[in-house]
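Trainee: Could we go through the salt bridges and one of the strands of this model together?

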Amino acid sequence: MTAGFKRVLALAAMFALASVVVVAGPTHRALAEDYPGQAEIDEARKAANDLAAGIDELDNAIVALGEARDKATANALLAGEDYIQAQEASDAAQDTLEAANKRARQAERELAEARENLASVAQAAYRDSGSMSQIGAVVGADTVDEVIARSEAFARGSDEADMWVQRVKAAELVASTMRSYADDAATEAAEAAAEAQSKYAEAQDAQAHAEEAVAIANETRADAVTRLAELRGVTIALEEQRQAGLEAERQAAAQAEAEARQKAAEEAAKAEEEASRPRPTSTPTKTSTPKPSATKTSTPKPSATKTSEPEETKTSEPEPTTTTSTPKPTTTSTPKPEQPGTSWNSTAAQGKKAAEYSQTLIGAEYLLGGSGPKYDCSGVTSVSWLEAGQWITRSSRTQYQATTHLSYSQIREGDLVFYATDTSDPSTIYHVAIYIGNGQVMEAVNYSKPAGVRGLYAWMTSNMMPFIGRP
């Protein structure tokens, strides 16, 4: 059994073990109350079923249901993004494994070649053992010149043997090191694959809950609207119109709040940039140097001074004192506002082309991790920019890291809009959309609806990152 074949079997065993670990883990779903948005849904259902609930309570319940839907959806997208990152890490680990195996195979070939050459030298030395010795070189020679020639030949043969011995030792060390790297890479690849499988299961679980939460929220909302229509003495259709008007007012307020946050972020970044610029130093004014005037000074006569003998002073031994150092208070630094970028790789024409191509994907089905013909959010953005001649990374978080961050006042077609559960922490980004102009974005959100276009501020405005990204 070859070493390479053994490694393949070991890798297969590791992947099998990783699969067993995932399958053998806890398979039950988390309790419903553990999911984001579930508490709001439960409270809204109580209000909708409470016969004493008034119009305000029911209106508030409908608002809470909308927020609960968004929370559940964001949680599912967050879990999906965790899976995408885990899958990227798994792919990278697999690439590392393949490269390590390639290097190990090459090292083993070089070791085999070195051993073959050493064996050839040894065989030649064995065949010439009768003459290739210092005694044979002298006794078997007829002349002094022949003695010298045979001694030199013996030395060359010995040097060649030493050289191949050293090459074999070096090749063995390299091959051993490469095999160790390959074994480590196999372990890391198996662990990364298991992590990706685990994250995928969590993403599927979160998506299932989100779909269930949305369904319950919609059903509860319908009950609340019916109760409101009865309380107000109007038809359900008229109450739906009123609710649509209230929702439009909330969206307008949310947009204004989001725009204010974005403007504040832009102003803070400008102020930080201004403060970091070196201030110009003032040019010193030229002053005239006054001419020195001659003054007559009298030379003082020296006076004799009498010095007294110093008296001996007795010093007492100082008493030992103990001093305690007061600990300095620790200060936590406030994170500086993010600085928008000033350069990027793409052109406006490329951004326009990416935006136009993204719209050809309208109606495409959703698939977590999909890059065609089904897509997720970062799948839409990555293939759109690839069509425009600009490669970008595959997940929304890495896309944010890899793009130049600009203020919303500079947004243009093709720019990317990001969403996070904590807008001050890019590691919580869970969604990305591509701006297509006229205040609209193109995106793929989840399995419940195909890829499509919506208003820039029509969804989850409180979770919009303070800056856009430009490839």
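Mentor: Let us begin with Lys199, which forms a salt bridge with Glu202, their closest N and O atoms being 3.8 Å apart; a salt bridge here is a side-chain nitrogen of Lys or Arg within 4 Å of a carboxyl oxygen of Asp or Glu. The model is predicted: local features need pLDDT of at least 70, side-chain atom pairs count only at pLDDT 80 or more, and totals for chains, interfaces and linings use all residues. Residues are numbered from 1 along each chain as its sequence is written, and side-chain values use heavy atoms, with hydrogens and water left out.

Trainee: In which helix do Lys199 and Glu202 both lie?

Mentor: Helices are DSSP runs (H or I, at least four residues) and strands likewise (E, at least two), numbered from the N terminus. The two residues are three apart, about one turn of the helix, and both belong to helix 5.

Trainee: Which residue in strand 4 is the bridge partner of Ile434?

Mentor: Strands pair if DSSP finds at least two bridges between them. Strand 3 (residues 429-437) has nine of its nine residues buried, and three bridges join strand 3 to strand 4 (residues 440-443) in an antiparallel arrangement. The partner of Ile434 in strand 4 is Met442.

Methods
Buried means under 20% relative accessible area, exposed over 50%, partly exposed in between (1.4 Å probe, protein chains only).
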